[in-house]
Amino acid sequence: MKLFKKKNYIRINPPEAVSVPMEETPSIPDGLWVKCKHCDKTIYTKEINEYKICPNCGYHFRLTAKERIALICDEGSFEEWDTDMKAKNPMQYPDYDKIIQKAQQKTELNDAVVTGCCKIGGYDTVLAVMDSHFMMASMGSVVGEKITRAIERGTKKKLPVIIFTASGGARMQEGIISLMQMAKTSSALQRHAGAGLLYVSVMTDPTTGGVSASFASLGDIILSEPGATIGFAGRRVIEGTINEKLPDEFQTAEFQLEHGFLDKIVPRTELKNTLIQILKLHCQKEACENG
Amino acid sequence: MDNKAMEIVKKSRMVSRPTTLEFIEQIFTDFIELHGDRHFADDKAMVGGIAMLENQPVTVIGVQKGHTIEENVKRSFGSPNPEGYRKQLRLMKQAEKFHRPVILFVNTSGAYCGVGAEERGQGEAIARNLIEMAGLKVPIISIFIGEGGSGGALALALADKVWMLDNGMYAVLSPEGFASILWRSPERSADAAELMKLTAPDLLKNGVIEEMIPEAKEGLAENLEYTTAILKEMLVSQLQQLQALSTEQLLEQRYQRFRKYGEFTE
């Protein structure tokens, strides 16, 4: 019966199942070919232009703050604020400085948000763009402070504020101080709103946790991109609680639109024009005669 | 082996720990409970209504846990759904209309995690409370009587004064969650509790709370009157001070209270 004897293969230890951190998955590597996370198709990078949308299925790849600013602002109009602000270590979390340094080297950013003012279609606007490549754009002191200052400057200069949100939630390594950023940013928005000024929140992939429970959800108008993940509690936490698998569309932009928490889903290619239209509709004549 | 911080976390969660309704009963008179958010349902994890604090009407609201499994199931173990936060908001706006101060009791491990909570906008409900509380024209005092976890606790704590009982806690998430997310080892929750500076003395030092409220040596449940008598006196005198301020002063102080949080270099 030797014929049927099971062959003894050499067994090479299989790699342990490592869960890839969310921030690693969807960015486009510098290669000629890239695999779309959504449709699994291999795409020739030349086919993806500055919009970074999969030509096969329309998946919107995550953008860096720099790429977003280039897409949205009128050319050369972006003036960055608080460029040197960096995190400290309020909770003395072990190796927090090293974690931050690594993220800084990877992204060439100081922290997870870029703020400033710019023109969009000629309209002066305060702009904040979160960058999920930096520690999943978790909100600690720097993110909270830069966004608060941006909103405060918007209030002072009587300018609209546009925030592109993306975040895994609070920066846990900063402990309770990160939670306080939710209160701080929301308070600044209360004053901006009290001055009768426009705030547009654009939720990009992913907008979750403490950011979804503060400034992201407080826009006069809330837009999103197709397919973005938006929700408060983590999908896996909920699946663990109810002990069943949730459908793919749970906590997507489409799900939020259906449940009444978004004004509009706008494809990336049309986003700038939509923002210009909204700014135009809120522009008081004397304040911006020439747009 | 538990350290001091983890011991406090466990005390803050004890099923026997007095709940919001017991505090209300001992501190206030003429309490009338008001129900519902007027949009969807009445969340039993959040209770609230109007009551007298000595001679003045106040609005009292708090997260309600139970002492038994049955009651805790009814109260979602003290984790409010969006309709709970919206009931809180409705009662706070009602308080503003009638110039009543708002007193909030916080005791939650966090907002409820579930499909329905997401469908009804848990994030939006918390965010809305934050922005509305930032502008609410009456004094707000929040008291952490037990657990305080994450955005679900903060939604009741954007206040002029935030106080905490000796064995209360307040953190960005549970020490178990912290250990499992950051270290992938939930068994290190005691280390996490220590690191997170979530106890009342630590929070007092960091300026997250203004006052610590003592618990009797024999235990909070064993002698609740000891704590509520002190708390009542503190509330009366604190409200007097807050009510002496103009609305502008009150809101400016509240703004600055939260504006200061953040550690960074530039």
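How many bridges join strand S4 of chain A to S8(B), and do the strands run parallel or antiparallel?

## A strand pair across the chains

Strand S4 (residues 86–87) of chain A is joined to S8(B) by 2 bridges, and the strands run antiparallel. Strands pair if DSSP finds at least two bridges between them. A:Lys86 has B:Thr265 of S8(B) as its bridge partner. Strands (E, at least two residues) and helices (H or I, at least four) are DSSP runs, numbered from the N terminus.

## Reading the model

This is a predicted model: local features need pLDDT of at least 70 and side-chain atom pairs count only at pLDDT 80 or more, while totals for chains, interfaces and linings use all residues. Residues are numbered from 1 along each chain as its sequence is written, and chains are lettered from A and ligands numbered from 1 in the order in which they are written.

## Where chain B touches chain A

The contact takes 46 residues from chain A and 40 from chain B; two residues count as in contact if their C-beta atoms, placed from the backbone, lie within 7 Å. On the chain B side, H6(B) gives the largest share, 9 residues. By class, that side has 24 nonpolar, 9 polar and 7 charged residues. Here Ala, Val, Leu, Ile, Met, Phe, Trp, Tyr, Cys and Pro count as nonpolar, Asp, Glu, Lys and Arg as charged, and the others, Gly among them, as polar.

## Two helices within chain B

Helix H2 (residues 20–27) and helix H11 (residues 224–243) of chain B have axes that come within 9 Å and cross at roughly 65°. Axes are lines fitted to C-alpha atoms, for helices over the stretch in contact, with angles from 0 to 180 degrees between N-to-C directions. Among the residues making this contact are B:Phe23 of H2(B) and B:Leu231 of H11(B).
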